[in-house]
Amino acid sequence: MEMNGARIVIESLIKEGVDTVFGYPGGAIMNVYDELYKASGKLKHILAKHEQGAVHMADGYARSSGKVGVAFVTSGPGITNAVTGIATAYTDSVPLIVISGQVPTFAIGTDAFQEVDAVGITRPITKHNFLVKDVKDLAYIIKEAFYLAKSGRPGPVHIDLPKDVTVGKTKFNYPEKIELKTYKPTYKGNKRAIKRAAEAIIKAKRPVFYIGGGSVLSGAYQLVRELVKITQIPAVETLMARGVLRYDDPLLLGMVGMHGTYAANMAMNDADLIISLGARFDDRVTGKLDEFAKNADIVHIDIDPSQIGKVVETKYPIVGDVKLVLEEMLPLIVEKVDPKRYEEWRKILNRYKELYPLTYSDSDEVIKPQWVIEKTGEILPEDAIITTDVGQHQMWTAQFYPFTYPRQLITSGGLGTMGFGFPAALGAKKANPNRVVVNFSGDGSIMMNIQEVLTGYRYNLPVINIILNNNYLGMVRQWQTMFYEDRLSETDLSDVQPDFVKLAESMGGIGYRVSKKEDFVKALEDALNQNKVAFIDVQVDRREDVLPMVPPNSPLKNMLIFKEDK
Amino acid sequence: MKRIISVIVENEHGVLARVVNMFAARGYNITSLTVAPIPNSEFSRMTIMSEGDPKVFEQIVKQLYKLIPVYKVIESDDFIEKEMAMVKFPLKDVKDNLADIDAIARCYNGHISNVNDKNIVVSVVDRPDRIDNFLKAMQAKFKNLEIVRSGVSVIER
Ligand SMILES: Cc1ncc(C[n+]2csc(CCOP(=O)(O)OP(=O)(O)O)c2C)c(N)n1
Ligand SMILES: [Mg+2]
């Protein structure tokens, strides 16, 4: 059947099983919105209040469901507003399709109204991008875009769609399968490499599993849990991997890296074998590189070959999907492993755990932010989805929330995008209408996409924002205190706080202001029954620091553990 | 360390920009770059001369493979390397015989390509290090020398 390009977009998305698109219209993409209208509800659309919000929503939708998130934006300012959202998804390997309008092909290059070199801008922040020049290529490109977004190491794909291409007509034929000559991700690991790695694990004296986001993306968590249980080898998690092991797994040493636990970091420091399960040795994890894991050999399982050997010398490289590799590896280990072998090692690490547990000094006068997170963990159902913004509150959430399964924590790890948490929570709620979704935010971050309260109101996406309000850009303030002799340059927000209660109410939400512990519990319980976007503005101890901490460019073992007395 | 790689890429919109941007974004050098379509195929061949230690090169190759339109990256210690160079100098600067200049050019697989009332153009094709020698010889002779180098192309033996 002959169709115009705009209709082809809609029909292709339906063929891909997409049910919801997040977006914002404008001149260059109007034809697509017209066909969306005509499709009358076959494809739902969430109109955000800002393109950045729309892309973060698609991202939260994707991360929470494992599906591909889709966003529409217009040309020029539409796509430039989307850039932060795309880059956020790219650094955390989130599968997205972003379709932007573009000026007509004949106007490209003329500095036309709302023309920007969109594919030029998104090239370094997408897995791949396309400028569609002919409507005949459109269906194939959409198919290819979906395939690229979700296969191999996932990531966002951007399609730039000139207006005349949306008008042009052709026969619609959605390809069933796709085969690309130049792109063939490796899923199955090399058998011999797997065998060698398994032997290294069995022979190691002080091995540690270093669990990363790849374990989440490949859906390997059950295998990882089994592997840990059978071998009794201790494990650490990156920020992106929180929840792969249950928080109460006795072999979980906690999060690793700058704000990781002492035991987790010492395990990496003292290990003789580090087994990366889809973790990429980020600088926030390794600390000072020259002194990282000096006595350890490395096993690195990753679907992206460019991650292996990028940061650390890798003796046992395995390119492949974590899940498929573990399926091969597990039987080889089960046969021969002797969990008693690591008993001495476990004892040492447990000593570290007891010596320096994650802790804070609670108070009855002021609310400690860590208390809020722990308390929330007690109150919420186990299947609640947690998103965060970026700052101290993000690290406290990663440290203190009791995560029980992967994809439960949705946070901007790689890019560290303030303003991510709330729209991501709305997207997650759209994908999981029956689950509680809570965003832990800060008084700085929440302002960066606060306009989306209206979106939550309009589409009935009741998510709860718990604002850990320290009246500071807290994380920057902490660094100023620690490394800049407490010169608080432009981080004190105490004179510039909005009334979050009124702010929420003005856009159809509900607000609470809390400065006593009892009131917090009441507010949260009330918010859970409200079916509205909620802000709980919790006034917390202003000067609390995120601890322990590996100071920037220090070795992992040199952690600051206690607050220095001032 | 100087190294040469050949990259086979799909002929599609922006592919050159993708490759070049990747080098720029990751701080890798490009010393020279040549590109042309491979006849009767949907591919082009890019030859890139770059600098860096082996670890950097390993990353360059992996990052190239990560680009979707990259089909193949060829690294070899057994390339035949060729580069073309053209030099132009004023006729009036020629002190000795034109035949001598032609003789030098022929040592480097070249010849005098053009002579008009003002200038002489000599072109040669040879290994990059030999091109360096040729240019040194010419620079010693002619102060007023315009040089164009094509960048290196390679093929495996
Ligand atoms: C878009 C963006 N701008 C700036 C930063 C730098 N930054 C990191 S944390 C932070 C402070 C965040 O303050 P707040 O949201 O109140 O969280 P807190 O640290 O106080 O918990 C800033 C400014 C960032 N990560 N993202
Ligand atoms: Mg704050």
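Author: Here is a run through the terms, each set against its cut-off. Mind that this is a predicted model, where local features need pLDDT of at least 70, side-chain atom pairs count only at pLDDT 80 or more, and totals for chains, interfaces and linings use all residues. Residues are numbered from 1 along each chain as its sequence is written, chains are lettered from A and ligands numbered from 1 in the order in which they are written, and side-chain values use heavy atoms, with hydrogens and water left out.

Reader: What makes the radius of gyration of chain A agree with a compact globule?

Author: The radius is taken over C-alpha atoms, and the globule rule is 2.2 Å times the number of residues to the power 0.38. For 566 residues that rule gives a value near 24 Å, and chain A has 24 Å, so the two agree. Its C-alpha atoms fill a box of roughly 70 × 60 × 40 Å along the principal axes.

Reader: How many helices and strands does chain A have, and what counts as one?

Author: Chain A has 21 helices and 20 strands. Chain B has 4 helices and 8 strands, running β-α-β-β-α-β-β-α-β-β-α-β from the N terminus.

Reader: Why is Phe292(A) called buried?

Author: Buried means under 20% relative accessible area, with exposed over 50% and partly exposed in between (1.4 Å probe, protein chains only). Phe292(A) is at 7%, so it counts as buried. Phe292(A) sits in the loop between helix 12 (283–286) and strand 13 (297–302) of chain A. Leaving out residues up to four places away in sequence, Phe292(A) touches Met268(A), Ile274(A), Phe281(A), Thr286(A), Val312(A) and Leu556(A), where contact means heavy atoms within 4.5 Å.

Reader: And what share of each chain is buried?

Author: In chain A, buried residues make up 61% of the 566. In chain B, 41% of the 157 residues count as buried.

Reader: How do you know whether Asn470(A) and Tyr472(A) are buried or exposed?

Author: Asn470(A) has 5% relative accessibility, so it counts as buried. Tyr472(A), with a relative accessible area of 6%, is buried.

Reader: Which residues of helix 19 of chain A are buried, and what covers them?

Author: In helix 19 (residues 474–483) they are Gly474(A), Met475(A), Arg477(A), Gln478(A), Gln480(A) and Thr481(A). Their cover includes helix 16 (392–400) of chain A. Just after helix 19, Glu485(A) takes a positive phi of about 50 degrees.

Reader: What counts as a charge here, and how far apart are the centres of the two sets in chain A?

Author: Lys and Arg count as positive and Asp and Glu as negative, while His and the chain ends are not counted. Each charge is placed at NZ of Lys, CZ of Arg, CG of Asp or CD of Glu. Chain A has 67 positive and 69 negative side chains, with centres 6 Å apart. In chain B, the mean positions of 22 positive and 21 negative charges are 3 Å apart.

Technical notes
Helices (H or I, at least four residues) and strands (E, at least two) are DSSP runs, numbered from the N terminus.
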